[in-house]
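Subject: Structure for your review

Dear colleague,

Please find below the structure that I am handing over to you. I would be grateful if you could look through it alongside the notes that follow.

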Amino acid sequence: MKRILIAVLALLCVCIGAEAGKKKTAKVQTDREYWTELAYRMAAPVLENMAKGELQKNMKLELSPTWDNRDKKVAYMECFGRLMAGIAPWLNLPDDDSAEGKMRAQLREWALKAYANAVDPESPDYLGWQSGGQTLVDGAYVAESLYRGWDGIWLRLDSITQARYIKEFQGLRRYDPCYTNWLLFSAMEECFIAKAGGDADWFRIHRAMEKIEEWYVGDGWYSDGPSFAFDYYNSYVIQPMYVECLEMIRQVRGNDSWTVRTYVPVTDRNEGANYRYNQALKRMQKFGVILERFISPEGTFPVFGRSIPYRLATMQPLAQLAWRKQLPKELHNGQVRAALTAVMHRMFDGIGASNFTEDGYLTIGFVGSHPNVADWYTNNGSLYMTSLAFMPLGLPESDPFWSDAPEKWTSKKAWEGDDFPKDHKWKINKQILYWE
């Protein structure tokens, strides 16, 4: 009996030792590997089908319970444009033989074919460019994706496809934007037309830029139209598109695009578009500080306002600042990456697995599927706005955003008893700039 007990104990020690050895040799998934696998999982069903001209055939639509009976065809443009606006920076990276590089090359191959199909009238996946005012919205995300993926996508499209995009964007002038953040959609399309060498409608650009500037309310926030709305549309649209439009204006027209007439130091009066861009960027940096502080120690953030099923799109300004290497001094690469990764895990792991259908498409919901949170305009194509948080994948793996050690983010420090930086109001004056 004693010998049997000794033998059992010896076998148990061997098993424990073997298991410990496995744990030592098991590869720990990096943050970047997690991001790329999640981005690929999100993008592959859309792009593979659309590359074959089969997205509209195979993607089963899920509509809000309060759907307003608009043309359902808009869902496919929403799906494609919003997805690509998020992953285009990633597809801009050069090819390599890594596992990630192979995923990226495959997605880019599909995406280029999908872009061609989107504007080919003979393709089954020709998008509904004349399907109502919603196309003004999602045409803007298509344009934004082409701007963010200028080298890796736009310059790789053939001249016929490029010309078709300019024509389709110009055709969206048939729709007048609402007196809200929608002004930026028309501006984004027109700014892209100008950057691509087309004939832009500068009045639509001017009107949007002046109104967004007028609607700045302070401390990093813009109102959505004349009245303030406490929601995440500063994240979904206003902050990123305003900065990008100003950026394209500078590229096309130079720094003297505006004459600054009031509330501006004399030394800055000849800076024009530079001054305006820099002010808008500072406001987005302040808003990024706010978003980072919204992320709880557990990787959650406050759920308020409309369009909550856009999920990770709430963090778009923070992601864009990281990708463009424009994070403010208050935010470090390691803390932003750690915070965003924590949110992704919290949203897509565990019960978050039901964010996807069996066919691999996103479901209406937040963490899991719950259609009751949908607004009257929400469909499952709308949800691909969540890809906007993945822009930092456009930085190579060697970049400090990925290589710096993870750090605790602000709320995690605060609630775990660590020192953390105090917050303060950012005194950025509201500027009045007139077009010259």
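Predicted model: local features only at pLDDT ≥ 70, side-chain atom pairs only at ≥ 80, totals over all residues.

Salt bridges

Side chains of opposite charge can pair when their charged atoms come close. Across the whole structure, a search finds 31 salt bridges.

Asp 95 is partly exposed, at a relative accessible area of 49%. Arg 108, by contrast, is buried, with a relative accessibility of 3%.

A further salt bridge joins Glu 190 and Arg 173, with 2.8 Å between the closest N and O atoms. Here Glu 190 is part of helix H8 (residues 182–195) and Arg 173 is in the loop between helix H7 (159–171) and H8, and the pair links distant parts of the chain, 17 residues apart. Glu 190 has a relative accessible area of 1% and is therefore buried, since the limit for that class is under 20%. Arg 173 is partly exposed, at 28% relative accessibility.

In the next pair, the side chains of Glu 213 and Arg 283 meet in a salt bridge at 2.8 Å, N to O. Glu 213 lies in helix H9 (residues 202–214) and Arg 283 in helix H11 (residues 273–294), so this contact ties together parts 70 residues apart in sequence. Both residues are buried: Glu 213 has a relative accessibility of 3%, and Arg 283 one of 0%.

There is also a network, in which Arg 32, Asp 96, Glu 100 and Arg 104 are joined by salt bridges that share partners.

Helix packing

Which angle do helices H10 and H12 make where they pack? Helix H10 (residues 233–253) and helix H12 (residues 316–323) pack at about 35°, and their axes are 8 Å apart. From H10, the residues in contact are Asn 234, Ser 235, Tyr 236, Gln 239, Pro 240, Val 243 and Glu 244. On the H12 side, they meet Gln 316, Pro 317 and Gln 320. Sorted by class, this contact of H10 with H12 has four nonpolar, five polar and one charged residues.

Yours sincerely,
A colleague

Notes. Residues numbered from 1 in each chain as written. Heavy atoms only, no water. Axes fitted to C-alpha atoms, helices over the stretch in contact; angles between N-to-C directions. Helix = DSSP H or I, 4+ residues; strand = E, 2+ residues; numbered from the N terminus. Contact = heavy atoms within 4.5 Å. Nonpolar A, V, L, I, M, F, W, Y, C, P; charged D, E, K, R; others polar. Salt bridge = Lys/Arg side-chain N within 4 Å of Asp/Glu carboxyl O. Buried < 20%, exposed > 50% of the residue type's maximum accessible area, 1.4 Å probe, protein only.
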